[in-house]
Amino acid sequence: MRNLWLFLRRYNAFFWFILFFGFSLFLVITNNSYQRNAVFNSSNEVIGNLYARINSWKSYLHLGETNEALAKENAQLRKDLQAYKSTDSIKIGPIPPIDSSEFGRYQFIVANVINNSIHQKANTITLDKGTKDGIEKGMGVIAPNGVVGIVLNVSPNFSTVQSLLHPDTRISVTLGHTEVFGSLVWGNNIDYRAAMVKEIPNHVKVKKGDKVYTSGYSGHFPKGIFVGTVIQTGISSGDAFLDLRILLSTNFSNLQHVYVVKDLLNNELKTLEEATKDNG
C-alpha cells in the first residue's frame, strides 16, 4: 500500500492531466453536434467490426437452424407466387386484399444481425449494413416471420435498430377480422415473446387466436405484415379502450437475417405532409 501511495504521489501530475483531458473531451463531445456525431460514427464502426467477427462464429453454429428457416421461407414464397398467378389480389388470412399499387413501392435490403439484446429494458439490434447499402434512419426492419423494429442510427457500414422490445417503439397495427386499428407496444413487458396492442375500442369483439397485422399507417412497414396472435383479451386500460396481449411471431432469441424496408415513396410523402402542416 505504501509503494502504491508513493507511486501515485510521484506521478500525480500525469493522472491529473488524464483526468482533466478526459473531462474536457467529454464536454466537447456532449456540447457539439459535429464532434458528437463524428465520435459516434467512429465508435459504431469499431464496435460493429467486433460484433461482425463474433457473429461469424455464432452464425456457423446455427447453420442448421438457418437452413431450416430459409427452406420454410422459400416454401412460403412459392405458395405466395402461386397465389399471384391465380388471383388478381392476395389475401393472407382474414386481412383485406393488398393493393396491387404497393407491390413496387417497397424494396427490401437483406442484412445480418451481429448483435442483439432481449433482456434489457430498452433492447437494440446491430446490423452489418449501413448507408453504403442504402439504409437510413427511420426505416422499418422485418424478419421472415414478423416485425423486428425501426432503424435508430446509421454509419457507413453498420446500423442499430430500436427493437420492438423497446419502451419507445410504437407501431400501428390492425386486427385481422376487423377494420379496427391499435398501437403495438412492448410496454412494461419482460417477456421477449409477447407484446401489447393498445387503444382497441371496448365494443370490438376479440377472441384468443385472432391475428394481428401491420396497418401500413406507421410509415415504417407495408400493410399486412403478420405481427402475432392474440393470447389474452379483456385487459382494461380505462376510458373506452381495451388492451390485448399477443404472442409475437418473431423469435427475437434467434434472429440471424432480417430485411430493412425501403419505401420508395417516403420522401414524396414526407414533403407533402410537411407542406400541409405549413399551410395549416
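Reply: Gladly! Keep in mind that this is a predicted model. Let's start with pairing: two strands count as paired if DSSP finds at least two bridges between them.

Me: How many bridges join strand E6 to strand E9?

Reply: There are 3 bridges between E6 (residues 171-175) and E9 (residues 211-214), so by the two-bridge rule these antiparallel strands pair.

Me: Which strands make up the closed barrel?

Reply: Follow the order E6-E7-E8-E11-E10-E9: these 6 strands form the closed barrel, and their pairing is antiparallel. From one strand to the next, the twist averages 40°.

Me: Now the pockets. How much space lies in the second largest pocket?

Reply: About 380 Å³. A lining residue is one with an atom within 4 Å of a pocket point. Here 21 residues line the second largest pocket, and Gly 138, Gly 219, Asp 263, Asn 266 and Lys 270 are the closest to its centre.

Me: Which element gives the most to that lining?

Reply: Helix H5, with 5 residues. H5 covers 266-279, and strand E12 (257-263) also supplies at least two residues of the lining.

Me: What classes of residue does the lining have?

Reply: The lining of the second largest pocket has 8 polar, 7 charged and 6 nonpolar residues.

Note on methods: Residues numbered from 1 in each chain as written. Predicted model: local features only at pLDDT ≥ 70, side-chain atom pairs only at ≥ 80, totals over all residues. Heavy atoms only, no water. Helix = DSSP H or I, 4+ residues; strand = E, 2+ residues; numbered from the N terminus. Axes fitted to C-alpha atoms, helices over the stretch in contact; angles between N-to-C directions. 1 Å grid on protein atoms, 1.4 Å probe; cavity = no way out; pocket = protein on both sides within 12 Å on 5 of 7 lines; lining within 4 Å. Points joined across faces, edges and corners; volume = space filled by probe spheres on them. Nonpolar A, V, L, I, M, F, W, Y, C, P; charged D, E, K, R; others polar.
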